[in-house]
Amino acid sequence: MDATTTPVYVVGAGAIGMPLAALLSAQGRSALAVRTSARDRPESDMTVTVEPEDGGPIEARVRAIPLSALRDPEPGILAVTIKATANRAVAAELWRRFGDMPLVVMQNGLGVERPFTEAGFTAVYRCVLYATGQVVGEHAYRFREVAESPVGTAGGNAAGAETIVQALSTPRFRFRATDAIQREAWKKAIINAAFNSICPLLDVDNGIFHRDEQAARIAETVVAESRAVAARLGIPFEQHELMEQLLRISQGSDGQLISTLQDIRANRETEIGYLNLEIARLAAGLEPPEDVRTVRVLGEMVAAKSGITHR
């Protein structure tokens with residue numbers, strides 16, 4: 001398989017999926033945006049604008065097609081960028097339409113790959129995203145890459161993460177292969193447990209932690225509680241390692257809104273169940289249980305806030 005000519009089916013046409021498809025297309029690569037919403041629009045070609053942190057905007061033509069309209073796709077790679085809350089609803093349909101193609105789950109949280117391995121996919125990869133996207137206009141997206149996003153084997157008999165990396169990487173959205181993807185997933189989930197709960201509840205951008213000492217102290221508590229659960233599960237971290245990365249991300253994200261805050265403002269379901277609430281669930285299942293009251297309460301407050309706006 002020539003990774004640079006392999007078709008990439010970007011499942012999800014949102015704030016990560018469309019920039020990914022556009023950046024691939026801008027490099028002359030074969031990328032198709034696959035819409036999964038119940039409000040599927042007809043197949044269309046559009047000019048997508050991606051506004052990176054540095055340099056001018058990038059424009060590319062992107063073809064988008066509803067999943068329900070897809071017929072006999074040629075072999076390629078599935079890049080799943082939908083909200084994790086939709087994984088179970090979509091996994092079986094992807095299997096039915098694409099068969100056992102290599103699939104990479106590009107989502108934050110813990111256990112997000114499970115619905116795809118359970119649906120029958122045998123070459124499943126996990127990508128831990130170190131990039132953010134935000135819709136800023138019709139077919140226009142602000143995109144920020146903080147670091148290369150790691151990719152590794154997540155389930156089944158998958159091998160060759162390097163092929164996935166080569167297929168997805170562009171100068172503005174880079175990936176790297178790793179043999180320690182579960183540690184990477186936990187590291188990002190711990191950091192996101194702070195960003196995705198504190199920022200929505202304060203209704204502020206991601207830069208808050210390097211600007212505000214009190215917000216940073218709350219984040220330290222979230223990180224410490226989550227880190228204790230990871231350690232009990234055999235994935236140890238140093239507190240300073242996690243806080244340094246959290247502050248590094250915050251320093252590069254002034255003005256950028258975390259996805260959970262975007263979801264609440266847009267009256268969409270959030271992924272807090274795969275972050276704070278999943279960490280709390282795992283903590284409660286330990287013997288003896290781990291005390292993560294701050295992580296749990298913040299997660300429950302975000303879920304409540306989401307429920308209020310979602311009515």
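1. What percentage of the 311 residues of the chain count as buried? The figure is 53%, where buried means under 20% relative accessible area, exposed means over 50%, and partly exposed covers what lies in between (1.4 Å probe, protein chains only). The model is predicted, so to speak of local features a pLDDT of at least 70 is needed, side-chain atom pairs count only at pLDDT 80 or more, and totals for chains, interfaces and linings use all residues. Residues are numbered from 1 along each chain as its sequence is written, and side-chain values use heavy atoms, with hydrogens and water left out.

2. On overall form, the chain has eleven helices and eleven strands; these are DSSP runs numbered from the N terminus, helices being H or I with at least four residues and strands E with at least two. The C-alpha trace spans about 50 × 40 × 40 Å along its principal axes. A compact globule of 311 residues would have a radius of gyration near 19 Å, and the chain agrees at 19 Å. That radius is taken over C-alpha atoms, and the globule rule is 2.2 Å times the number of residues to the power 0.38.

3. On contacts, meaning heavy atoms within 4.5 Å: of those in the chain with a separation of 6 or more, 70% are between residues 24 or more positions apart.

4. T270 sits in the loop between α9 (259-265) and α10 (276-284) and is buried, at 7% relative accessible area. The T270 side chain reaches the backbone nitrogen of I272 at 3.4 Å. Leaving aside neighbours within four places in sequence, T270 is in contact with T85, T260, D263, I264, V302 and S306.

5. S250 belongs to helix α8 (residues 239-251). S250 is buried, with a relative accessible area of 0%. Not counting residues up to four places away in sequence, S250 touches F195, N206, G207, I208, F209 and H210.

6. A26 lies in helix α1 (residues 17-26) and is partly exposed, at 38%. Apart from neighbours within four places in sequence, A26 contacts I58 and A60. From A26 to R126 there are 100 residues in sequence and 24 Å in space, C-alpha to C-alpha.

7. Some backbone geometry deserves a check. Most residues other than glycine have a negative phi, and most peptide bonds are trans. The bond from E287 to P288 is cis, with omega near 0 degrees; P288 is in the loop between α10 and α11 (293-310).

8. D72 has a positive phi, near 45 degrees, and is not a glycine. D72 is in the loop between β4 (58-66) and β5 (77-80) and is exposed, at 76%. D203 also has a positive phi, about 60 degrees, without being a glycine. D203 is in the loop between α5 (181-202) and α6 (208-211) and is partly exposed, at 40%.

Technical notes. Polar contact = N/O pair within 3.5 Å; in protein donor to acceptor, adjacent residues only side chain to side chain.
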